[in-house]
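Please open the model in your viewer, with the sequence panel beside it, and follow the stops below in order.

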Amino acid sequence: MVQIKSKDRVRDLAEVYTNEREVNAMLDLIPLKKPDDIITYRYLEPACGNGNFLIEILRRKLARVNEKYADKSVKEYEFYIARALTTIYGIDICPENVSESRARLFTEVKATFDTHKGSFEYSQGFLGLVDYILATNIVVGDSINAPEKINFVEFKISHRKFIRSVFCFADLTQKKPKAKKVLDAEHFLTIGFEYEQQTGIRHEGKQGHLNFI
Ligand SMILES: C[S@@+](CC[C@H](N)C(=O)[O-])C[C@H]1O[C@@H](n2cnc3c(N)ncnc32)[C@H](O)[C@@H]1O
């Protein structure tokens, strides 16, 4: 694995990537009370680089989701993949790193889905939702000098709906941070479908009809 991209980037960004072995050794230090905690625990990487920690966290989450839900219906599997993804957050000051992190996680989710359910089997809105979650959760920002300029979306689950609350990163050290905004609960696939409409990104799946049940 390449640990530096250039000497200039090491000087300007302190950019030295962590090897997979060290990433996994560090993640192993985080205790889980029960196996399903890996799906629901929230992880935040405040200097995420090109996503070396984020991708391993995602792999661990997806491994548990696959164990429990890969043989369920497409929509149930998608819901739990999305739910796991909503719990992964990253910040980096360098936009290129943020784009690379998002792309790596997108590819991982899609490859996992394709392996278990087949390419193009996803529901309309699912990959749009993946794009949406990655855009809200992995963001460009200065986590040291300007945490007040960074916003994150917290996703809470209500049946097959997500309730989204916007929080300022600077407030997250408070015991009970106050949300800046709370959006109405929406079906998880509707969020993805609407995001596709807004951005013009379209992912055509076989299950292209808007049947969200
Ligand atoms: C040592 S690298 C670590 C990258 C990744 N965590 C890893 O272990 O592979 C440091 C990263 O921090 C980012 N960075 C530097 N200053 C930052 C700041 N004030 N806020 C957010 N990110 C920053 C750099 O762009 C770089 O990607």
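Begin by selecting helix 5 and helix 6, where helix 5 passes helix 6 in a right-handed crossing (a crossing is right-handed if the near helix is turned clockwise from the far one by less than a right angle, and left-handed if anticlockwise). Helices here are DSSP runs of H or I with at least four residues, strands are runs of E with at least two, and both are numbered from the N terminus. This is a predicted model, in which local features need pLDDT of at least 70 and side-chain atom pairs count only at pLDDT 80 or more, while totals for chains, interfaces and linings use all residues. Residues are numbered from 1 along each chain as its sequence is written, and side-chain values use heavy atoms, with hydrogens and water left out.

Helix 5 covers residues 74-85 and packs against helix 6 at an angle of about 155 degrees, with the axes 12 Å apart; axes are lines fitted to C-alpha atoms, for helices over the stretch in contact, and angles run from 0 to 180 degrees between N-to-C directions. Helix 5 and helix 6 are therefore roughly antiparallel to each other (angles over 145 degrees count as roughly antiparallel, under 35 as roughly parallel, 65 to 115 as roughly perpendicular and the rest as oblique). To see the contact (heavy atoms within 4.5 Å), display Val74, Tyr77, Glu78, Ile81 and Leu85 of helix 5 together with Leu105, Val109, Thr112, Phe113, His116 and Lys117 of helix 6.

On the helix 6 side the contact is made by Arg102, Leu105, Phe106, Val109, Lys110 and Phe113, and on the helix 7 side by Phe126, Leu127, Val130, Asp131, Leu134 and Ala135. These residues divide into nine nonpolar, no polar and three charged (Ala, Val, Leu, Ile, Met, Phe, Trp, Tyr, Cys and Pro count as nonpolar, Asp, Glu, Lys and Arg as charged, and the others, Gly among them, as polar).

Now centre on Leu105, which, leaving aside residues up to four places away in sequence, touches Leu54, Ile55, Leu58, Leu85, Ile88, Leu134 and Ile138.

Next select Lys110, which lies in helix 6 and is partly exposed, with a relative accessible area of 21% (buried means under 20%, exposed over 50% and partly exposed in between, with a 1.4 Å probe and protein chains only). Beyond residues up to four places away in sequence, Lys110 touches Tyr122 and Leu127. The C-alpha atoms of Lys110 and Tyr122 are separated by 9.4 Å, the two residues being 12 apart along the chain.

Move on to Phe120 in the loop between helix 6 and helix 7; Phe120 has a positive phi of about 65 degrees although it is not a glycine, and is partly exposed at 46% relative accessible area.

For the last stop, select His159, in the loop between strand 4 (151-158) and strand 5 (161-168). The phi of His159 is near 55 degrees, a positive value in a residue other than glycine, and His159 is exposed, with a relative accessible area of 71%.
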